[in-house]
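Opening the notebook on a new model today.

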Amino acid sequence: WVAMLAAMAGIGMVSPLLPIYVRDTLHGPAIGVALSFSGLALAQLIASPFVGRLGDLVGTKPFIVAGFFIYMVGAIGYVFAPTWHFVVLFRILSGFGAAGIFPMALAYIGRMAPTGREGAFMGVFGIAQMLGFGLGPLFGGGVRDALGPNAAFTAMALLLGGTGLATLLL
């Protein structure tokens, strides 16, 4: 639940900021703005079915942990991206990380749920998704306004890396 909350907060923290960053700071074209927003979803769409199959064979936890660390590297990349092209590249990398987190977290919850209570478990799990996606933009926007976009990207990286470490150790 906490891992999903953090993952969704991470997406929420930068999703509204990246298009503005690409357009205003890196002077990217409209297609760069669009790709900076949708690159994550496109990569996740491609990778999720494969990750899901591998997770069934290997187990969910390694993919969740690796997903958080890959996603963290993508967030760090935003800080150092010299052009909008690199932001899009790191956004796509983040999507591959997300493909390790989201399907595996859902599978994990599905396995934990007792027979006949799957809906209730998924309902509570859905709260983490919506809460993270709702709080992420507030936190990311506040950090950006107070300290700049790189601070928001850094905060996202710390959140994701910390959650990945906690998932690994717990």
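**Entry 1: a threonine and a glycine**

I started with T163, which lies in helix α7. Helices here are DSSP runs of H or I, at least four residues long, numbered from the N terminus. Before going on, I noted that this is a predicted model, where local features need pLDDT of at least 70, side-chain atom pairs count only at pLDDT 80 or more, and totals for chains, interfaces and linings use all residues. Residues are numbered from 1 along each chain as its sequence is written, and side-chain values use heavy atoms, with hydrogens and water left out.

Is T163 buried or exposed? I found T163 buried, at a relative accessible area of 10% (buried is under 20%, exposed over 50%, partly exposed in between, with a 1.4 Å probe and protein chains only). Setting aside neighbours within four places in sequence, T163 contacts A3, A6 and F68 (contact means heavy atoms within 4.5 Å).

Next I looked up G140, in helix α6. G140 is buried too, with a relative accessible area of 0%. Not counting residues up to four places away in sequence, G140 touches M13, L17 and A152. I also checked G10: it is 130 residues from G140 in sequence, yet their C-alpha atoms are 8.5 Å apart.

**Entry 2: helix α4**

**Entry 3: the core**

The largest nonpolar core has 39 residues, and Y71, Y78, V87, F102 and M156 touch the most other members. Such a core is a set of buried Ala, Val, Leu, Ile, Met, Phe, Trp, Tyr and Cys residues joined through side-chain atoms within 4.5 Å. I see at least two residues of this core from each of α1 (2-14), α2 (17-25), α3, α4 (60-80), α5, α6 (118-147) and α7 (149-169). The largest share, 11 residues, comes from α5. I then listed the contacts of V87, not counting residues up to four places away in sequence: L18, Y21, V22, L26, S36, Y78 and A81.
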